[in-house]
Amino acid sequence: MRTVKEISDLTGISVRTLHYYDEIDLLKPTEKSEAGYRLYDDKALETLQQILFFREFDIPLKEIKAIMEDPVLEKKQILQMQRKMLVVKKERMERLIASIDRILKGDREMDFEVFNRAEIEEIYHSMEENMSQEQKAVFIEQYGSMEAWKKNFLINASSEEAQRNYQKIVEWYGSKEKAMEASKNPGNSELLPAYQKRMGRILEKLATKKEQDVNSLEVKELIGEYDFVSRQLYQLEDSTAFLLDLAETYQNNQEIQKFQDSVYGEGVTEFVGRAIAAFCSGK
């Protein structure tokens, strides 16, 4: 058994933080001594390690607690989830370190590459295989041939802006592998209009609630429905990262606000952004 002080010295986590984890039932001590001191065994230390893995990604304690208490998730599944998250972060850090090294050597250009040339070509070929003849005809009419469209796609997909967008997709899906699969398989084209119409109807309903508190039950229920549709449309296991990006865009991008407000009413986009942010903070 280890005391709170020993656990703190071993992990670098403050004694006050360990006390707080106990207070919120995130990490309970294995037992208490006769004097009332908290004591932790190796199993508790393993649980703390898992918590620290999640904290590495700034995941809220409430969400960590829900994950740890989920009866469906076994320890191996949690570790696999954390490993995928760490691999994504490791790849990102390696790219940033390489970019800094190049700058130190005199190269002023930052490298934001998420998918390399071979991976982008793989995405293209998968997209082309899943296209209908009607869809191909549209690109042929616009670019002259599929080969010309491929060339244009590869150039655009390799741009810094596109790679930044890919980075967001990686964050949404939780791993580069899942993000790549989503990019290669954008979903059923027949279902897309139905999902878009449903989202539009949700936004119309939210527009009528614009004067309400974003934390009201009615608003939260509508955002919850929007969350559900988003997960179905984009095949996301957890839509939190996607929704937070959307909330930021809705609250700060004036061009998006101007366009969407022209459809749903002035101030609606910013209101929806605040409502989404409030919903995510309570997940």
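Asp-25 lies in the loop between H2 and strand S2 (31–32), where helices (H or I, at least four residues) and strands (E, at least two) are DSSP runs numbered from the N terminus. This is a predicted model, in which local features need pLDDT of at least 70 and side-chain atom pairs count only at pLDDT 80 or more, while totals for chains, interfaces and linings use all residues. Residues are numbered from 1 along each chain as its sequence is written, and side-chain values use heavy atoms, with hydrogens and water left out.

For context, most residues other than glycine have a negative phi. Asp-25 counts as partly exposed because its relative accessibility is 43%; the classes are buried under 20% relative accessible area, exposed over 50%, and partly exposed in between, with a 1.4 Å probe and protein chains only.

Asp-22 is found in helix H2, residues 15–23. Is Asp-22 buried or exposed? Asp-22 is buried, because its relative accessibility is 6%. Its side chain and that of Lys-28 are joined by a polar contact of 2.7 Å. Such a contact is a pair of N or O atoms within 3.5 Å; within protein, one must be able to donate a hydrogen and the other to accept it, and residues adjacent in sequence count only if both atoms are side-chain atoms. Not counting residues up to four places away in sequence, Asp-22 touches Leu-27, Lys-28, Pro-29 and Arg-38, contact meaning heavy atoms within 4.5 Å.

Next, helix H4. Leu-61 belongs to helix H4, residues 61–69. Which residues does Leu-61 contact, once its neighbours within four places in sequence are left aside? They are Tyr-20, Tyr-21, Ile-24, Leu-26 and Arg-55. Between Leu-61 and Tyr-21 there are 8.9 Å from C-alpha to C-alpha, with the two residues 40 apart in sequence.

Ile-64 also has its place in helix H4. Ile-64 is classed as buried because its relative accessible area is 0%. Beyond residues up to four places away in sequence, Ile-64 touches Leu-26, Ile-51, Phe-54, Arg-55 and Ile-59. Phe-53 is 11 residues from Ile-64 in sequence, and their C-alpha atoms are 9.9 Å apart.

In helix H3, residues 42–55, we find Leu-48. Leu-48 is buried, because its relative accessibility is 1%. Setting aside neighbours within four places in sequence, Leu-48 is in contact with Ile-7, Thr-11, Leu-18, Tyr-21 and Leu-27. Leu-48 and Ile-13, 35 residues apart in sequence, are separated by 9.7 Å from C-alpha to C-alpha.

I turn now to the cores. The largest nonpolar core has 26 residues, and those with the most contacts inside it are Leu-206, Ile-223, Tyr-226, Leu-243, Val-272 and Ile-276. Here a nonpolar core is a set of buried Ala, Val, Leu, Ile, Met, Phe, Trp, Tyr and Cys residues joined through side-chain atoms within 4.5 Å. At least two residues of this core come from each of helix H11 (192–207), H12, H13 and helix H15 (268–281). Which helix gives the most to this core? H15 does, with 8 residues. A second, separate core of 17 residues includes Val-4, Ile-7, Leu-48 and Leu-61.

Helix H12 (residues 217–234) and helix H13 (residues 240–252) pack at an angle of about 115°, their axes 11 Å apart; axes are lines fitted to C-alpha atoms over the stretch in contact, and angles run from 0 to 180 degrees between N-to-C directions. On the H12 side the contact is made by Tyr-226, Asp-227, Ser-230 and Tyr-234, and on the H13 side by Phe-242, Leu-243, Leu-246 and Tyr-250.

Finally, the chain as a whole. The chain has 15 helices and 3 strands, and buried residues make up 35% of its 283 residues. Of the contacts with a separation of 6 or more, 59% are between residues 24 or more positions apart.
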